[in-house]
Amino acid sequence: MFLNPGLKQRLLPLCAFFGTFTTVMTILIFSTDLKGRRYGRMRFNLTHSDLENAMQDNHQLIDHIRGNYMRTPTKLAHEIDAGEFHSKRKNYNVLLQSKVAEISGKKSNGVFIETGAYRHGSESETEWLELDRGWSGLLTQPDPNDYKVLQQRSRHRSRAHIANVCLSPTANPKQVSFRTSLQSSNSSVNLKTVHCFPLYSLMLAYGTTDIDFLSLDAEKIEYEVLRTLPFQKLTIKVIQVRLSNELNESDNFEFVRISTFLSHHGYRYNDSLSRPKHKIFVSTLKKSTPFSLKI
């Protein structure tokens, strides 16, 4: 069947339009798909500029921390034997940790975050809670030398994730340099760059914002770190803050501003459990969060 020449002439522009439209749409769809694929591949390949500009609840940032900085408990982790445990027990602040478990209402299966763990070879503030009570959590240590100690001691901590990161004093990631070993005055300084992430980002990367015990040691920026926390989105039942000096509370500006800030967010200072450099604050609020998905 042959079309009328006049009708054929009128249909040609319409056919050309639909042909062009189909070609353009195909190109747009294909281009969009490629962008999506590139975006997916970049989730774990953020640049330094991307990190600095990312907000603390940014999903790409959370994935980046989880995939590149957070180490899950090693499969080779072994349980500490009873004799070794009881010989170490005398070094733990068992009274404090028992009270923490009692206050949190979780004498077993609680969740902790300990920043600055095993600082300069000191004992962990959460080891007994994990080994004796079955708690789990996250240990962070920014100093490369102290992190080696953390790696060594975490071998018998089968419930603790570890991360060689520092805490950011702002709601955005930062980075700092650490001296990795003592150098003579005539030799070059050996520095290692360590990334600093907001504490809230680390909580999200670990997989929960419902924390029973937070032990905060952030190398004199504890107040700034606490100010980055969106308290309306999380639950922390007990907070231990390490101060840089042992002055009386009334003479200690660092303690006063931290205490005032935490009081504003519903925390009460517990003098009986506190030590000269370690101050305990207990939440007086009754609230919970639906988000709890540990990796």
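A charge is said to sit over a ring if NZ of Lys or CZ of Arg lies within 6 Å of the ring centre and within 35 degrees of the ring normal. That term is needed for one of the stops below.

**Before you start**

The structure is a predicted model, in which local features need pLDDT of at least 70 and side-chain atom pairs count only at pLDDT 80 or more, while totals for chains, interfaces and linings use all residues. Residues are numbered from 1 along each chain as its sequence is written, and side-chain values use heavy atoms, with hydrogens and water left out.

**The whole chain**

Show the cartoon: the secondary structure comes to 10 helices and 11 strands, where helices (H or I, at least four residues) and strands (E, at least two) are DSSP runs numbered from the N terminus. Of the 295 residues in the protein, 44% are buried, and here buried means under 20% relative accessible area, exposed means over 50%, and partly exposed lies in between (1.4 Å probe, protein chains only). Among contacts (heavy atoms within 4.5 Å) between residues at least 6 apart in sequence, 72% join residues at least 24 apart.

**First stop: Phe 255 and the aromatic pairs**

Select Phe 255 and Lys 279, and you will find the charged end of Lys 279 over the ring of Phe 255, 5.9 Å from its centre.

Now look at the rings themselves. Rings of Phe, Tyr and Trp (its six-membered ring) pair if their centres lie within 6.5 Å, and planes under 30 degrees apart count as stacked, over 60 as edge-to-face and the rest as tilted. A search of the whole structure finds 7 aromatic pairs. One of them is formed by Tyr 223 and Phe 261, an edge-to-face pair with 6.0 Å centre to centre and 80° between the planes. This pair links distant parts of the chain, since Tyr 223 is in helix α9 (residues 222-227) and Phe 261 in helix α10 (residues 253-264), 38 residues apart. Both Tyr 223 and Phe 261 are buried.

Phe 255 lies in helix α10 and Tyr 269 in strand β10 (residues 267-270), so the pair ties together parts that are 14 residues apart in sequence. Phe 255 counts as buried because its relative accessibility is 7%, whereas Tyr 269, at 21%, counts as partly exposed. Finally, select Tyr 223, Phe 231, Phe 261 and Tyr 267 together, which form one aromatic cluster.

Colour β2 (111-115). Is this strand enclosed by the rest of the structure or open? 5 of the 5 residues of β2 are buried, so the strand is largely enclosed by the rest of the structure. Val 111, Ile 113 and Thr 115 point one way from β2, and Phe 112 and Glu 114 point the other way.

Two strands pair if DSSP finds at least two bridges between them. With strand β3 (residues 136-140), β2 pairs in the parallel sense over 5 bridges, and the bridge partner of Thr 115 in β3 is Thr 140. The chain crosses from β2 through α6 to β3 in a β-α-β crossover that is right-handed, meaning that, with the strands pointing away from the viewer, the path from the first strand over the helix to the second runs clockwise. Strand β8 (residues 210-216) also runs parallel to β2, joined by 3 bridges, and the bridge partner of Phe 112 in β8 is Phe 213.

Select Thr 126, which is placed in the loop between β2 and α6 (127-133) and is buried, with a relative accessible area of 0%. Its side chain is joined to that of Glu 114 by a polar contact of 2.6 Å; a polar contact is a pair of N or O atoms within 3.5 Å, where within protein one must be able to donate a hydrogen and the other to accept it, and residues adjacent in sequence count only if both atoms are side-chain atoms. Leaving aside neighbours within four places in sequence, Thr 126 is in contact with residues including Gln 97, Leu 139 and Arg 157.

Show the open sheet of 3 strands, which has the order β5-β7-β6 with mixed pairing. The edge strands, β5 (166-167) and β6 (174-179), each pair on one side only. β5 and strand β7 (residues 191-197) run parallel and are joined by 2 bridges, with Cys 196 in β7 as the bridge partner of Cys 166.

Ser 168 lies in the loop between β5 and β6, and at 0% relative accessibility it counts as buried.
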